[in-house]
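Here's a quick tour for anyone meeting this structure for the first time. Take a look at it, then read on.

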Amino acid sequence: MRSFLKKNWISFLLLIVILILAYIAYSREGWRLVYEGIIIGITILVREIPLLTAAFLTAGLIQALVKKEFITRWLGQDSGLKGILLACLGGGLIPGGPYVYYPIAGALLSSGAGLGVLVAFVTAKNLWSVSRLPYEFALLGSTITIRRYLITFLIPPLVGVLVEWLFGGYIHKIRENVKE
Amino acid sequence: MNTSTIVLWIITLTLFLFSWKKGADTVKKGAQLAWSTTKKNGLLIILAFIIAGLVTVLSPEDLVTAWIGPNSGWRGIISAEFLGALLPGGPYVVFPIIAILVQAGAGLGPAIALITSWSTQSLLTISFELPFMGWRFTAIRWMIGLLIPLFAGFTAILLWG
């Protein structure tokens with residue numbers, strides 16, 4: 001039982017969140033709203049299946065294609081600023097939501113990428129995201145969009161360097177963390 | 001079929017061609033790895049999407065409008081950071097909400113802090129981050145990330161008032 005819980009604690013955590021949200025929805029408008037929420041979630045999931053499939057295949061193929069030594073050399077703990085900048089570029093260019101870039105980041109993690117590199121990848125995806133740019137321009141206008149990009153432009157590499165410097169040594173524990 | 005899906009499939013097919021050139025074994029290994037990741041995380045992904053759906057019907061947009069007013073200064077930026085973390089959904093869901101707030105008179109600082117916080121601190125994203133990256137990575141990235149929206153918001157106020 002204990003090892004079962006240990007292995008599946010994230011599922012339990014998500015389940016608890018679902019129960020809390022379902023309770024809030026229920027107390028507001030009854031079962032109808034709970035049902036509607038679940039249906040919307042599943043609808044989004046079904047709609048995103050083509051994207052999810054591509055994301056998982058990309059992650060799998062990267063792992064199969066790229067040799068561990070290559071990742072370690074270019075994106076590993078000792079790749080320094082070069083690795084962090086490379087990760088920022090990759091993160092900024094990759095399209096899709098968290099169910100796309102986290103499987104890819106996970107593949108890089110298990111292939112030997114360093115912590116600063118991975119944080120830089122995720123942060124660049126979140127802040128530079130080229131694929132999001134058209135939406136931002138169209139919906140928020142050029143002034144806010146340009147100013148936002150200017151202000152946050154240096155953040156992904158800086159955060160990568162900072163995290164590597166502060167916590168870089170934890171990467172082995174993080175890797176084991178996911179393998180379990 | 002949206003642009004993201006098309007671009008990602010182009011990437012996938014390019015990788016597939018490279019693997020194919022390397023030999024059928026590489027393709028097979030890639031597909032096997034993809035399948036084992038899917039199997040391992042399938043349930044979690046379904047749960048994460050159910051959370052996304054429930055958050056959507058609970059429409060936290062009402063709360064957003066109530067919290068950030070014009071000229072809210074540093075308080076507005078801190079509220080914006082909290083709200084950004086709570087905003088669910090992709091850019092086509094979140095940007096229209098932020099646009100409404102800007103029209104209603106939200107300052108540039110809070111608006112930029114809000115976009116940044118939704119980008120880097122989104123709590124909904126964590127349900128995807130945990131299974132693939134583990135709790136240690138998630139904790140480190142998220143804690144350090146807390147500084148980013150504050151920095152962005154204050155810099156915006158400093159530069160453009």
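## Two chains, helix by helix

Start with chain B: its secondary structure comes to 8 helices and 0 strands. From the N terminus on, those elements simply run α-α-α-α-α-α-α-α. Keep in mind as you look around that this is a predicted model.

Chain A has 12 helices, and it has 0 strands too. Read along its sequence, the pattern is α-α-α-α-α-α-α-α-α-α-α-α.

| Chain | Residues | Counted as buried | Contacts at least 6 apart in sequence that join residues at least 24 apart |
|---|---|---|---|
| Chain A | 180 residues | 46% | 83% |

## Where the chains meet

How many residues of chain A are in contact with chain B? There are 72 of them, and they touch 73 residues of chain B. On the chain A side, helix α4 (residues 49–65) gives the most, with 14 residues. What's that side made of? It divides into 52 nonpolar residues, 14 polar ones and 6 charged ones.

## The nonpolar core

Now for the inside. The largest nonpolar core holds 93 residues, and the ones touching the most other members are A:Ala55, A:Ile104, A:Ala105, A:Leu118 and B:Ile51. Which helix gives the most to this core? That's helix α2 (residues 24–57) of chain B, with 13 residues.

B:Ile51 is worth a stop of its own. Leaving aside its neighbours within four places in sequence, B:Ile51 is in contact with A:Leu14, A:Val17, A:Ile18, A:Leu21 and A:Gly41 in chain A, plus B:Leu124 and B:Ser127 in chain B.

## A look at one tyrosine

Let's finish with A:Tyr26, which you'll find in helix α2 (residues 9–29) of chain A. Why does A:Tyr26 count as partly exposed? Because 14 other C-beta atoms lie within 10 Å, and the partly exposed class sits between the exposed limit of 12 or fewer and the buried limit of 20 or more. Setting aside neighbours within four places in sequence, A:Tyr26 is in contact with A:Trp31 and A:Val34.

Key. Residues numbered from 1 in each chain as written. Chains lettered and ligands numbered in written order. Predicted model: local features only at pLDDT ≥ 70, side-chain atom pairs only at ≥ 80, totals over all residues. Core = buried A, V, L, I, M, F, W, Y, C linked by C-beta atoms within 7 Å. Helix = DSSP H or I, 4+ residues; strand = E, 2+ residues; numbered from the N terminus. Contact = placed C-beta atoms within 7 Å. Nonpolar A, V, L, I, M, F, W, Y, C, P; charged D, E, K, R; others polar.
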